[in-house]
Amino acid sequence: MSEIKATSRIDGTAIPVRGNNIDTDRIIPARFLKSITFEGLGDHLFEDDRQSMPNHPFSNPSYAGASILLANENFGSGSSREHAPQALKRWGIDACIGESFSEIFLGNATTIGLPCATASAADIKMLMDAVEQTPATRLSLRIDALLVETAQLSQPVVIPAAIQESFLTGQWDATGLLLDQFDQVRQLAAALPYVKGY
Amino acid sequence: MGQTLLEKVWDRHTVRRLPNGQTQLFIGLHFIHEVTTPQAFDMLRQRGIGVAFPERTYATVDHIVPTVDQQRPFADDLAEAMMSALERNVREHGIRFADLATDRQGIVHVIGPELGLTHPGVTIACGDSHTSTHGAFGAVAFGIGTSQVRDVLASQCLAIDPLKVRRIVIDGALGEGVYAKDVILEIIARLGVKGGVGYAYEYAGAVVEQMAMDERMTMCNMSIEGGARIGYVNPDDTTFDYLSGRPFAPEGESFERAKSWWRSMASDDGANYDDEVVIDGSAIAPRVTWGINPGQSVSVEESIPDPTKMMSSKDAAETSEALEFMGFTAGAPISGTKIDVAFVGSCTNSRLSDIREAARVVRGHKVSSHVKALVVPGSKSVSQAAETEGLDVVFKEAGFEWRGAGCSMCLAMNPDRLIGQEVCASSSNRNFKGRQGSPTGRTLLMSPAMVAAAAINGAVVDVRTLL
């Protein structure tokens with residue numbers, strides 16, 4: 001089993017990636033999925049966006065060492081590739097705060113222990129502005145108190161209750177839980193018409 | 001009070017409520033392919049866990065498959081390594097595999113239905129967002145990531161939150177030259193690319209009832225492009241007729257018993273919906289995307305939107321970003337947009353009826369001299385059926401390339417890809433920046449018939465003028 005690691009807060013500097021609907025093909029282009037491991041994905045994070053946008057935040061040394069990603073609407077839309085949150089995590093991102101996330105991305109991020117919190121558009125703008133002005137600004141994502149804090153600000157964030165609970169108890173990796181009462185799984189399966197034969 | 005299909009299937013597959021409040025949901029059928037599974041099998045090995053229900057998983061290979069030369073070993077070492085890993089994993093765990101060497105291979109969302117593996121009332125998961133395709137049969141089908149693939153292999157279950165249901169009623173009748181692809185592009189344009197987050201989409205109404213299974217699959221396939229992880233159609237006689245006689249469908253009396261269970265899983269009259277949207281199908285025209293997400297489409301009769309005329313600053317900013325990338329002019333008609341490549345294929349539109357409709361447009365014409373055009377059937381079975389009808393000859397005589405089955409130019413994981421800033425008329429599902437393999441390549445999504453028309457004309461054209 002994987003190690004159970006309860007997480008109540010993530011502290012660090014942040015990196016703002018502005019724009020709505022930033023899809024997983026942009027986060028990690030498909031050619032980097034040609035591998036049988038997740039290793040090295042962090043090096044190719046936003047590879048094509050970084051090539052076409054010289055000022056891309058992930059090319060900006062001011063944000064080196066950032067651990068909290070700030071995003072706008074519908075971040076992570078598109079494919080179900082877990083490679084997207086894996087690439088973020090392997091680059092050094094420990095949490096995401098955005099206006100909204102695509103559902104599959106959110107599920108994948110949670111499953112690999114990368115918490116995603118949502119905040120209002122106005123609050124995200126304020127955080128992005130603050131971080132762009134002073135990249136050394138330190139943020140705390142309080143999973144326990146559902147807040148994002150800086151030295152000057154304290155703003156509410158939303159994390160679905162089940163996900164919050166998973167991080168607070170360290171049980172975001174579900175395999176163990178799902179195998180916990182396996183007799184019930186066998187019983188349910190045996191009663192399904194398409195399992196037992198129509 | 002009546003229940004929706006989603007509620008019925010959910011209840012029937014709920015093992016228990018987990019301590020964090022999520023549902024432990026049993027997954028009746030698990031599809032796997034080479035891209036999103038090698039790490040999942042490795043995680044199982046590291047943890048010393050086996051596959052709980054190997055007979056409930058079915059494997060194929062599609063994303064990395066070359067569509068010209070399918071001889072092993074593949075020319076691309078990375079593709080070969082992924083293929084070898086899948087072969088080893090299915091062998092080690094006794095999982096059925098539609099190998100390249102068999103005549104069952106093809107895109108996972110094409111072969112599942114055509115083999116009769118996909119049934120109504122079943123929960124289906126696959127490490128691929130277009131798993132929503134299988135909802136066309138009244139299955140509850142959705143995409144998952146690699147760690148969740150690990151969970152399904154280990155336990156045949158997922159920890160997941162329930163969804164709300166939005167019923168989308170498409171009334172009326174579609175006109176000639178208007179297809180399911182146009183309907184789903186219209187839906188996404190109206191409801192937005194994140195409008196479906198938190199919802200399953202139930203498609204209903206006269207248009208959907210009239211649709212053949214291939215068309216229902218096209219529509220459900222792109223639910224995820226509207227943010228909805230699940231899209232489904234209630235099972236009916238069209239569904240049952242399609243399944244009858246398929247290799248993995250029940251037979252004889254067993255089929256009759258299955259049919260009554262399948263029928264019982266359909267949404268009840270008077271079921272409660274969290275939201276309902278009604279669209280007049282008769283008013284839908286062929287659609288074409290002009291931007292960088294599938295919500296950015298117009299009818300072929302319309303012009304590319306002008307951000308300076310938009311009320312919302314958000315819409316204006318998203319439109320400007322898209323136009324800058326596409327190099328298109330605001331206010332220009334979409335019809336007449338010159339193309340370089342025409343691609344008929346992908347899990348959205350590579351089935352026999354798609355290929356027939358494209359062939360109907362192509363027959364007796366030639367591909368425009370500056371266009372590279374290819375047809376990539378979704379499976380070996382589709383390919384063989386089309387060849388039996390002589391459709392491959394129709395395409396080849398017109399100047400199309402006729403390829404082997406695979407995901408091909410829908411995404412950049414095999415040799416088929418755009419070069420530089422090429423513009424591609426594509427029957428696929430995503431027009432994201434860089435999606436078709438060139439970071440600056442440009443994708444125009446449309447129906448297969450519209451792709452065929454654009455290939456002949458050399459530029460976007462209303463297919464209805466050619467039928």
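Me: Is A:Asp48 buried or exposed?
Reply: Buried means under 20% relative accessible area, exposed over 50%, partly exposed in between (1.4 Å probe, protein chains only). A:Asp48 has 11% relative accessibility, so the residue counts as buried.

Me: What do I need to know about the model and its numbering?
Reply: This is a predicted model: local features need pLDDT of at least 70, side-chain atom pairs count only at pLDDT 80 or more, and totals for chains, interfaces and linings use all residues. Side-chain values use heavy atoms, without hydrogens and water, residues are numbered from 1 along each chain as its sequence is written, and chains are lettered from A and ligands numbered from 1 in the order in which they are written.

Me: Which side chain meets A:Asp48 in a salt bridge?
Reply: A salt bridge is a side-chain nitrogen of Lys or Arg within 4 Å of a carboxyl oxygen of Asp or Glu. For A:Asp48 the N to O value is 2.6 Å, and the partner is A:Arg31.

Me: How many residues apart are A:Arg31 and A:Asp48?
Reply: A:Arg31 sits in the loop between helix 1 (24-27) and helix 2 (47-52) of chain A, A:Asp48 in helix 2. Helices (H or I, at least four residues) are DSSP runs, numbered from the N terminus. The pair links distant parts of the chain, 17 residues apart.

Me: Which residue forms a salt bridge with A:Asp173 at 2.5 Å?
Reply: A:Asp173 is buried, with a relative accessible area of 12%. The closest N and O atoms are 2.5 Å apart, and the partner is B:Arg47.

Me: How many salt bridges does the structure hold?
Reply: The count runs over all chains. The total is 43.

Conventions
Helices (H or I, at least four residues) and strands (E, at least two) are DSSP runs, numbered from the N terminus.
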